[in-house]
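Here's a quick briefing to read with the model open in your viewer. Take a look at the fold, then work through the points below.

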Amino acid sequence: MKKDRWLLRSVVLLALSAAMMTGVSLAAEAGSSQDPLVTLSYLNDTFFNSIMQRVDQKIAQQTGQAVPGGTASSSAASFAVVTLNEGQTLTGGVGCEVMLRVGSAVCVAPSDPGLIDETTAATLANGGALVQNHLYMMTIDGRGVRATGGVTKVLARGSYTVA
């Protein structure tokens with residue numbers, strides 16, 4: 001008889017535990033901190049959209065363009081094509097970047113370093129020839145590039161003047 005009571009007690013205890021666990025799991029809200037299961041619909045509908053909005057905002061900040069639902073920022077200007085005739089000089093402000101595309105040009109700088117070649121991580125002294133398709137940066141005011149042959153085209157980003 002004692003064995004039957006032990007078996008009966010364990011079955012009743014097991015049934016009671018199952019009922020309580022079912023109640024707790026039904027009370028927990030899906031997708032909450034109590035139930036952190038991530039579903040495909042959450043990823044597609046909520047998470048993916050928020051990530052894409054952040055990406056669009058970052059792109060807008062970098063390009064200075066407006067994004068639907070966002071704000072425009074002009075923190076970074078885009079490259080502009082600048083045409084220089086022989087002898088003309090483009091003088092850039094600090095942070096101005098130039099890339100020689102057509103023709104030939106030399107660095108104009110009163111002291112070293114002249115320009116920083118971002119492509120090779122080297123410096124270019126006064127009178128040094130620019131290499132086509134290399135990106136150069138002016139890190140000190142008064143630096144620039146002078147066209148040395150015919151029509152020269154450069155891409156420029158940042159503040160600059162042409163004289």
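A strand here is a DSSP run of E with at least two residues, numbered from the N terminus. Keep in mind that this is a predicted model. One such run is strand 4, residues 115–117, and Asp 117 sits in it.

**The overall fold**
- The protein chain has 2 helices and 8 strands, and reading from the N terminus the order goes α-α-β-β-β-β-β-β-β-β.
- Of its 163 residues, 22% count as buried.
- Take the contacts between residues at least 6 apart in sequence: 69% of them link residues at least 24 apart.

- Asp 117 is buried but makes no salt bridge. The nearest oppositely charged side chain belongs to Arg 157, 13 Å away.
- What does the Asp 117 side chain pair up with? There's a polar contact of 2.9 Å to the side chain of His 134, plus one of 3.1 Å to the side chain of Thr 120.
- Leaving aside residues up to four places away in sequence, Asp 117 touches Ala 122, His 134, Leu 135 and Tyr 136.

- Tyr 42 has 39% relative accessibility, so it counts as partly exposed.

Technical notes. Residues are numbered from 1 along each chain as its sequence is written. This is a predicted model: local features need pLDDT of at least 70, side-chain atom pairs count only at pLDDT 80 or more; totals for chains, interfaces and linings use all residues. Side-chain values use heavy atoms; hydrogens and water are left out. Buried means under 20% relative accessible area, exposed over 50%, partly exposed in between (1.4 Å probe, protein chains only). Helices (H or I, at least four residues) and strands (E, at least two) are DSSP runs, numbered from the N terminus. Contact means heavy atoms within 4.5 Å. Lys and Arg count as positive and Asp and Glu as negative; His and the chain ends are not counted. A salt bridge is a side-chain nitrogen of Lys or Arg within 4 Å of a carboxyl oxygen of Asp or Glu. A polar contact is a pair of N or O atoms within 3.5 Å; within protein, one must be able to donate a hydrogen and the other to accept it, and residues adjacent in sequence count only if both atoms are side-chain atoms.
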